[in-house]
Amino acid sequence: MSHESGYTNPTLELLNARASCRRFAPRPIPEDMLRQVLEAGIHAPTAGNLQPYSIIKIEKEETLRRMAELCGNQKFIADAPVGLLFCIDWRRTQRWAEFEMAPYTAASSFRCFWFAFQDTIIAAQNICTAADSVGLGSVYVGMVIECLAELRDMLNLPAGVLPVVLLSVGYPAKKSSPARKLGIDVIVHEETYREISDEDLADAFDEKYRGREREITQERLDKIRQVCFEVHGEEFAEECIDRIRANGHIGAAQSYFGLLYEANRIPRGNANFLKTIEAQGLDCFEEYKPRG
Ligand SMILES: Cc1cc2nc3c(=O)[nH]c(=O)nc-3n(C[C@H](O)[C@H](O)[C@H](O)COP(=O)(O)O)c2cc1C
């Protein structure tokens with residue numbers, strides 16, 4: 001932590017104290033405060049200084065409630081006074097190019113998609129930090145990926161505008177404690193990539209997820225066995241169950257990938273996601289065919 005090294009300042013303190021907030025007070029955000037947070041956020045770095053993103057600011061209760069439902073019934077989305085939907089936006093730049101009679105292919109370029117995705121997230125994170133700095137809390141909602149078409153219709157998103165992530169923002173009802181993270185000794189590599197030893201790796205994850213093991217129940221075992229079977233086959237499934245029984249609990253990784261983010265389910269639908277993105281006017285996963 002910053003204060004251990006002797007270097008400290010309000011920015012480092014703020015970043016080290018950050019934690020996602022999922023319990024919001026029923027208190028509106030003053031309009032000028034939100035404006036300032038947004039202003040600070042959009043000063044974020046952006047490739048070529050193009051700012052190919054839009055932020056849909058959602059405050060209507062009914063819309064927030066619908067978004068909560070669409071995003072896996074995550075109730076806090078409706079409890080927060082504001083939802084900020086960050087979208088890649090190649091539409092605005094396209095219109096600008098059209099006004100000026102400039103050649104334009106950004107929405108057809110994977111390179112541009114790659115940059116625009118980063119630009120969008122970097123702006124979102126600046127806004128997250130700016131919100132923290134004025135005493136607000138926030139949490140990202142990645143589940144918007146499950147309802148891209150519904151969001152497009154509900155929010156009138158034109159071709160070229162693609163939702164990336166939602167940030168629910170509001171006054172925290174209760175200050176959350178920072179979550180444990182893998183340390184920089186694991187995350188940062190000196191000069192070249194270095195594989196840490198199995199022992200150090202296991203220790204690092206054990207330390208981070210200490211207390212996240214889950215009790216064995218028949219239902220959980222059945223689910224993990226099924227997930228393992230579908231992904232790696234019969235033998236792996238039996239070995240995984242034997243390991244759980246020998247340990248006397250379901251490990252954090254087994255719980256994450258076997259129960260929560262089921263490894264058999266999450267890679268499904270890749271082709272559909274690409275189709276949805278393409279239908280939204282971003283044909284950047286196809287080979288580009290010049291007209292001339
Ligand atoms: C891209 C992204 C998507 C996320 N989606 C969700 C989500 O759908 N629901 C949720 O409760 N938290 C979501 N989170 C928050 C993470 O769960 C959270 O950042 C993580 O558990 C670490 O906790 P911390 O933010 O308090 O450090 C998301 C975070 C990111 C960066």
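Strand β2 has 8 of its 8 residues buried, so the rest of the structure largely encloses β2. Buried here means under 20% relative accessible area, exposed means over 50%, and partly exposed lies in between (1.4 Å probe, protein chains only). Helices (H or I, at least four residues) and strands (E, at least two) are DSSP runs, numbered from the N terminus. This is a predicted model, in which local features need pLDDT of at least 70, side-chain atom pairs count only at pLDDT 80 or more, and totals for chains, interfaces and linings use all residues. Residues are numbered from 1 along each chain as its sequence is written, and side-chain values use heavy atoms, with hydrogens and water left out.

Stay with β2. In a regular strand, side chains alternate between the two faces of the sheet. Val82, Leu84, Phe86 and Ile88 point one way from β2. Gly83, Leu85, Cys87 and Asp89 point the other way. Both sets are buried.

Now the sheet around β2. It is open and has 4 strands, in the order β1-β2-β4-β3, with antiparallel pairing. Two strands count as paired if DSSP finds at least two bridges between them. The edges are β1 and β3 (137-141); each has a single partner strand, so one side of each lacks a neighbour in the sheet. On average, neighbouring strands are turned by 25° against each other, direction ignored.

Take the pairs in turn. β1 and β2 are antiparallel and share 6 bridges. There, Ile58 stands opposite Gly83 of β2. β2 and β4 are joined by 8 bridges, again antiparallel. Ile88 has Leu162 of β4 as its bridge partner. β3 meets β4 (residues 161-170) through 5 bridges, and these two strands also run antiparallel. Ser138 stands opposite Val169 in β4.

Helix α3 (residues 31-41) comes next. Its buried residues are Met33, Leu34, Val37, Leu38 and Gly41. Viewed down the axis of α3, they fall within an arc of 135°, so they line one face of the helix. The arc is taken from the directions from the helix axis to the C-beta atoms. Glu31, Asp32, Arg35 and Gln36 are exposed on the face turned away from the buried side. The cover over the buried residues of α3 includes β1 (53-58), β2 (82-89) and α7 (110-133). Contact means heavy atoms within 4.5 Å.

Thr93 counts as buried because its relative accessibility is 10%. Thr93 touches Leu50 and Tyr104, not counting residues up to four places away in sequence.

Axes are lines fitted to C-alpha atoms, for helices over the stretch in contact, and angles run from 0 to 180 degrees between N-to-C directions. From α11, the contact residues include Leu221, Ile224, Cys228 and Phe229. From α12, they include Phe236, Ala237, Cys240, Ile241 and Ile244.

Ala252, Gln254, Ser255, Gly258 and Leu259 are buried in α13. These residues cover an arc of only 155° around the axis, which puts them on the same side of α13. They pack against α10 (198-209), α11 and α12.
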